[in-house]
Structures are given as C-alpha cells and as structure tokens.
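Have the structure open and follow along.

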Amino acid sequence: MLIVETDSDPAVWFHMPLRDTKAEFARWLGLQLKANALVHRRRLTWREKRRTRKLLERSAVMLRDSVKADQAFLFGPMPPQVSPLVLFTKQFACDEEHSHRHLSMLAEPDPSATSLRVETTPFVSSHFGEGLRCVRSWTRPDGGPIMYVAYAWNDAARDIDLVLKGHYDDPEILEASLEAIDDFARSIWIA
C-alpha cells in the first residue's frame with residue numbers, strides 16, 4: 001500500500017488511524033476530542049464526547065475489518081452533535097486498459113441499489129489529473145436517507161487506481177460540506 005498524504009489544513013482534516021493498538025487509538029481519540037473542542041471553541045459535553053468516541057471506534061472497526069480501507073481522514077468542522085464525517089482511501093491494481101468504465105465502477109460500486117440521485121462528473125486534481133466524482137443518494141432498508149461521495153483516479157505511473165469515499169446519513173449536511181470535501185480530494189497525493 002502506498003501512503004496517501006494531504007496538503008489540507010491539519011486543523012480541518014485529521015488522519016484517522018485504522019491499524020493502531022487499542023491504547024494508541026484511545027490516545028488518538030482523546031486528542032481528536034480536544035481538537036474538536038478547539039475547532040468549535042467550546043467544551044464538549046460528556047454526552048458529545050461519549051457519542052463521538054463510540055461513533056469513531058465503530059467507524060474504525062468497520063473500515064478496517066469490513067471495508068479493508070487503506071487510510072481514513074476525519075472532517076473536523078462537523079458539529080459535535082452530529083456523526084463525524086469520515087473519508088477513506090482504497091487502492092486497487094490498475095485495470096488493464098485504465099478505462100473510464102473501470103473508474104466508473106470504482107466510483108459507483110453498487111448498481112443494484114435503488115438510487116434517488118446519481119451524479120457522476122469529471123473531477124480534476126493537480127496531483128492525479130482527471131478522474132471521476134460521484135455523488136449518490138438512496139434510501140436505506142430502514143427508510144432513512146443516505147448519501148455518499150466518491151472520487152476515483154487512475155495513477156498509471158504507480159500502477160494503481162485510487163478511490164476516496166465517504167458516506168453520511170444526513171444528505172443535507174453532506175451536501176453542505178461538498179465544497180470542503182472537493183478541496184480535500186484535490187489536496188491528496190501519494191507519498
């Protein structure tokens with residue numbers, strides 16, 4: 001796995017460890033909660049701390065064990081009353097033809113889901129060139145809405161396809177954060 005770095009503001013986007021020991025992850029969580037309080041310029045309530053801690057612990061386990069994500073990043077400015085927004089990266093061996101269709105499959109991985117909205121557009125990064133950006137929303141089996149944004153690039157020089165992806169259960173909040181997420185997507189590069 002190649003390491004994805006970012007030029008983004010470290011006070012806005014935090015690297016989220018996925019493979020640390022429990023003690024190391026607990027230390028990171030403590031720092032994350034302090035950073036969250038600084039970003040919002042107030043003390044977090046014990047409920048906000050507990051809720052954020054549980055959500056981040058579950059996110060890390062799910063990304064590590066189910067998704068097998070390579071890396072994850074946390075968007076700091078999310079209000080402490082809502083779920084944290086986590087974006088993760090995943091690298092794949094290049095498709096033989098480096099085709100636009102392969103990137104589309106990476107950006108829109110589940111064609112069987114009934115989508116309310118699917119928008120796939122070209123997305124240019126100074127580090128990776130032209131790729132794709134997909135914004136997709138659908139209704140979960142329990143009836144609640146969910147939305148994700150995914151970016152996919154082909155890096156032929158390193159023989160990988162790279163995906164940056166995040167989902168959120170409040171489409172309005174994700175929609176309001178898309179400009180910051182786009183800026184973050186443009187800021188990543190491979191070390």
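Let's start in the loop between H2 and S3, where you'll find Lys-68. This is a predicted model, and in it the phi of Lys-68 is near 60°, a positive value in a residue other than glycine. Asp-159 also has a phi near 60°, again positive and again not in a glycine. Look for Asp-159 in the loop between strand S7 (145-155) and S8.

Now for the helices. Helix H1 covers residues 22-40 and helix H2 covers residues 46-67. Their axes come within 11 Å and cross at roughly 135°, so H1 and H2 sit oblique to each other. The crossing of H1 past H2 is right-handed.

Which residues make the contact? On the H1 side they are Phe-25, Trp-28, Leu-29, Gln-32 and Leu-33, and on the H2 side Lys-49, Thr-52, Arg-53, Leu-56, Glu-57 and Ala-60. Sorted by class, the contact of H1 with H2 has six nonpolar, two polar and three charged residues.

A search of the whole structure turns up one cavity of 30 Å³ or more.

| Space | Volume | Lining by class |
|---|---|---|
| Largest cavity | about 80 Å³ | eight nonpolar, four polar, no charged residues |
| Largest pocket | about 360 Å³ | nine nonpolar, four polar, three charged residues |

The lining of the largest cavity includes Gln-32, Asn-36, Thr-52 and Leu-56, along with Leu-74, Phe-75, Gly-76, Met-78, Pro-79, Pro-80, Val-82 and Pro-84. H1, H2 and strand S3 (71-75) are the elements that give two or more residues to this lining.

How many residues line the largest pocket? There are 16, and the ones nearest its centre are Ser-59, Met-62, Ser-83, Pro-84 and His-167.

Which element gives the most to the lining of the largest pocket? That's H2, with five residues. At least two residues each come from H2, strand S4 (85-93) and strand S8 (160-168).

Technical notes: Residues are numbered from 1 along each chain as its sequence is written. This is a predicted model: local features need pLDDT of at least 70, side-chain atom pairs count only at pLDDT 80 or more; totals for chains, interfaces and linings use all residues. Side-chain values use heavy atoms; hydrogens and water are left out. Axes are lines fitted to C-alpha atoms, for helices over the stretch in contact, and angles run from 0 to 180 degrees between N-to-C directions. Helices (H or I, at least four residues) and strands (E, at least two) are DSSP runs, numbered from the N terminus. Angles under 35 degrees count as roughly parallel, over 145 as roughly antiparallel, 65 to 115 as roughly perpendicular and the rest as oblique. A crossing is left-handed if the near helix is turned anticlockwise from the far one by less than a right angle, and right-handed if clockwise. Contact means heavy atoms within 4.5 Å. Ala, Val, Leu, Ile, Met, Phe, Trp, Tyr, Cys and Pro count as nonpolar, Asp, Glu, Lys and Arg as charged, and the others, Gly among them, as polar. On a 1 Å grid over the protein atoms alone, a cavity is a set of points where a 1.4 Å probe fits but cannot get out, and a pocket is an open set with protein on both sides within 12 Å along at least five of seven lines; lining residues have an atom within 4 Å of a point. Grid points are joined across faces, edges and corners, and a volume is the space filled by probe spheres set on the points.
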